[in-house]
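Student: Could we go through this protein together? I would like to know what to look at.
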Amino acid sequence: MLLSSGETTGIFQFESSGMRRYIQELQPTNIFDVMAMVALYRPGPMANIPEFIARKKIPPLISYPRSRLVDVLQESYGMLTYQDDVMLTSIKLARLLLA
């Protein structure tokens with residue numbers, strides 16, 4: 001795969017040296033991996049990239065804050081990666097509290 005090899009010069013959001021290094025480490029196998037890298041490669045969440053890569057490579061590292069959140073966090077290996085993850089987690093947890 002082109003991304004996995006780091007041959008991303010000229011590809012928007014994937015041509016910086018840092019992104020090339022991380023995408024090579026990640027070895028994306030699906031569109032969700034690619035989307036997560038774009039979401040995580042930002043000043044705040046960038047610190048979570050090594051954990052994301054580790055969870056992809058070593059599935060026993062994947063854990064979920066609650067078993068009811070597996071469907072929300074499965075594609076991001078149990079990590080809150082997207083704004084939608086936070087919103088859906090909040091909704092599910094609020095339902096638990098109100099039940």
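Tutor: Let us begin with a term: a residue counts as buried when its relative accessible area is under 20%. Please keep in mind that this is a predicted model.

Student: What percentage of the residues in the protein chain is buried, then?
Tutor: Of the 99 residues in the protein chain, 32% are buried.

Student: And how much accessible surface does the protein chain have?
Tutor: The accessible surface is about 6200 Å², and carbon and sulfur atoms account for 60% of that area.

Student: Changing topic: how many helices and strands are there?
Tutor: The protein chain contains 5 helices and 0 strands. Along the sequence, the pattern reads α-α-α-α-α.

Student: What box do the C-alpha atoms fill?
Tutor: Taken along the principal axes, the box is roughly 50 × 25 × 20 Å.

Student: Now helices α1 and α3. At what angle do their axes cross?
Tutor: The axes of α1, residues 17-26, and α3, residues 49-57, cross at roughly 20° and come within 9 Å. Angles under 35 degrees count as roughly parallel, and α1 and α3 are therefore roughly parallel to each other.

Student: Is that crossing left-handed or right-handed?
Tutor: The crossing of α1 and α3 is right-handed.

Student: Which residues make the contact?
Tutor: Helix α1 contributes Y22, E25 and L26, while α3 contributes I49, F52, I53, K56 and K57.

Conventions: Residues are numbered from 1 along each chain as its sequence is written. This is a predicted model: local features need pLDDT of at least 70, side-chain atom pairs count only at pLDDT 80 or more; totals for chains, interfaces and linings use all residues. Side-chain values use heavy atoms; hydrogens and water are left out. Axes are lines fitted to C-alpha atoms, for helices over the stretch in contact, and angles run from 0 to 180 degrees between N-to-C directions. Helices (H or I, at least four residues) and strands (E, at least two) are DSSP runs, numbered from the N terminus. Angles under 35 degrees count as roughly parallel, over 145 as roughly antiparallel, 65 to 115 as roughly perpendicular and the rest as oblique. A crossing is left-handed if the near helix is turned anticlockwise from the far one by less than a right angle, and right-handed if clockwise. Contact means heavy atoms within 4.5 Å. Buried means under 20% relative accessible area, exposed over 50%, partly exposed in between (1.4 Å probe, protein chains only). Accessible areas come from the Shrake-Rupley method with a 1.4 Å probe; for residues, only the protein chains shown count as cover.
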